[in-house]
Amino acid sequence: MSGTSLRTGAGRALPGPRDVMVKVPTAVLFVNIALAGNNALVAAVLYRLTGSASNFALVLVSNFAIAAVVQLVAGYVVDRLGARRLAVLSEAAACAAIGLEAAVSLLDSPALPLICGAALVSVVQAFYRAAMFTLAPQLAGRERLAALNAKINAAFQAGTLLGTPAGTLLLYLEPVRGFCVLAVSFGAAALILGTLPGRPAPGTGSGAARPRTGVLRELRAQRGLVAHILLCSGDYVAVYLFTLILVPLVDDRFGGSTLTLAVVNSALPAGVMLSGLLPWRSQAAERTLRLVALSMAALVAAFLLLVCDIGVVATVGCVVAVGFAAGSSQTLLMTALQLRSPAHVLGRVASLRLFVASGLAAPTLAGASYLLKGGVGTALAFCAGVEACYLTVLLVLSRERLLGRRTLAAPPGDTAG
């Protein structure tokens with residue numbers, strides 16, 4: 001396909017397919033390199049100052065809670081001010097926050113300012129996530145949206161995979177220089193997103209020809225929308241659970257080998273990135289249901305296989321399968337949710353989705369942590385059970401006498417008027 005821009009009625013040019021498919025994932029890559037690098041760098045600096053890793057763990061938990069609350073406000077702001085504008089502003093603000101961290105790292109006692117800087121970055125990213133959920137369908141249109149979401153997911157994982165070791169390596173440049181490099185990464189993302197127009201692509205958004213309504217009215221009007229948002233948390237919970245179990249798994253079965261841990265740790269994002277290589281395109285509602293069910297079943301099977309001690313090679317293969325299935329599920333569920341949600345409430349739908357995912361991840365992570373005391377196999381069986389619950393909910397609700405196709409799609413007229 002050509003990279004030539006398409007003209008809109010207002011005289012603004014929408015970016016061509018090549019621009020969208022390259023620029024948006026590149027911006028996401030820069031953002032996640034900077035995020036993961038900042039976490040690693042702040043953790044290392046705080047450890048040097050205090051001699052304890054528990055301080056940064058507390059920072060992560062606090063930031064997670066703050067971001068979850070801010071997320072509810074972020075969606076409303078994105079819907080009011082525009083997705084592209086908020087995406088650019090949030091990354092510019094993150095760049096400034098990292099610049100603040102660079103400055104305070106020169107102080108004699110930089111611990112508290114560093115914690116505040118990390119919290120600010122976390123808050124800013126709540127706006128960024130809601131903005132990107134809304135911006136993707138505006139730029140890609142209906143037919144290219146699934147492909148763009150798959151590339152965004154792959155770029156997210158690649159950025160996280162590259163950012164963590166990058167943050168550790170930057171520590172050797174002295175913290176101030178390391179923070180400056182990460183600030184440049186956020187700034188580059190803001191510049192890239194700033195080159196993209198913020199006008200909706202023709203034919204996107206299910207509410208283009210309808211009166212504007214609030215998100216609560218949409219939730220009441222659309223049968224299946226609440227269930228869809230709930231199901232969207234499954235891929236996040238699966239990845240969070242496995243990340244929690246990864247280190248104990250390697251310690252228990254492979255003697256805590258650093259090389260094995262690095263390989264297994266890389267296998268999960270590698271699986272997500274492989275899912276991004278599939279020829280994604282818009283699917284009919286029935287096909288989307290089947291593919292999501294298949295992805296969830298693959299996750300259950302991979303977790304159950306990992307319950308057994310199957311050796312290094314098979315373990316790595318199962319971890320790749322976990323990443324591939326979670327990435328596929330996320331692409332399908334997120335694309336369907338974007339397409340069924342009216343354009344003017346996309347930001348609030350995004351915020352609600354992430355808030356629900358955070359709320360469901362917390363108790364399942366606590367449950368897995370507790371079950372780890374009984375062994376890695378017990379915790380992995382719990383992971384399989386959690387994913388099996390999501391699969392059961394999907395299969396039950398998608399029966400014709402219940403929600404049927406409305407589980408993951410909104411037929412004409414099934415929206416608030």
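One aromatic pair is present in the structure (rings of Phe, Tyr and Trp, the last by its six-membered ring, pair if their centres lie within 6.5 Å; planes under 30 degrees apart are stacked, over 60 edge-to-face and the rest tilted). The ring centres of Tyr-236 and Tyr-240 lie 6.5 Å apart with planes at 40°, so this pair is tilted. The model is a predicted one, in which local features need pLDDT of at least 70 and side-chain atom pairs count only at pLDDT 80 or more, while totals for chains, interfaces and linings use all residues. Residues are numbered from 1 along each chain as its sequence is written, and side-chain values use heavy atoms, with hydrogens and water left out.

Both tyrosines belong to helix 8 (residues 234-254), where four residues, about one turn of the helix, separate Tyr-236 from Tyr-240. Helices here are DSSP runs of H or I with at least four residues, and strands are runs of E with at least two, numbered from the N terminus. Tyr-236 is partly exposed at 21% relative accessible area, and Tyr-240 is partly exposed at 33% (buried means under 20%, exposed over 50%, partly exposed in between; 1.4 Å probe, protein chains only).

Beyond its neighbours within four places in sequence, Leu-193 is in contact (heavy atoms within 4.5 Å) with residues including Ala-27, Arg-84, Tyr-128 and Leu-135.

Phe-324, in helix 11 (residues 312-340), is partly exposed at 31% relative accessibility.

Two salt bridges are found in the whole structure, each a side-chain nitrogen of Lys or Arg within 4 Å of a carboxyl oxygen of Asp or Glu. Asp-79 pairs with Arg-348, their closest N and O atoms being 2.7 Å apart. This pair links distant parts of the chain, with Asp-79 in helix 2 (residues 54-81) and Arg-348 in helix 12 (residues 346-371), 269 residues apart. Both Asp-79 and Arg-348 are buried. Glu-286 and Arg-405 form a salt bridge at 3.4 Å, N to O. Glu-286 is in helix 10 (residues 285-307) and Arg-405 in the segment after helix 13 (376-397), so the pair ties together parts 119 residues apart in sequence. Glu-286 is partly exposed at 35% relative accessible area, and Arg-405 is partly exposed at 45%.
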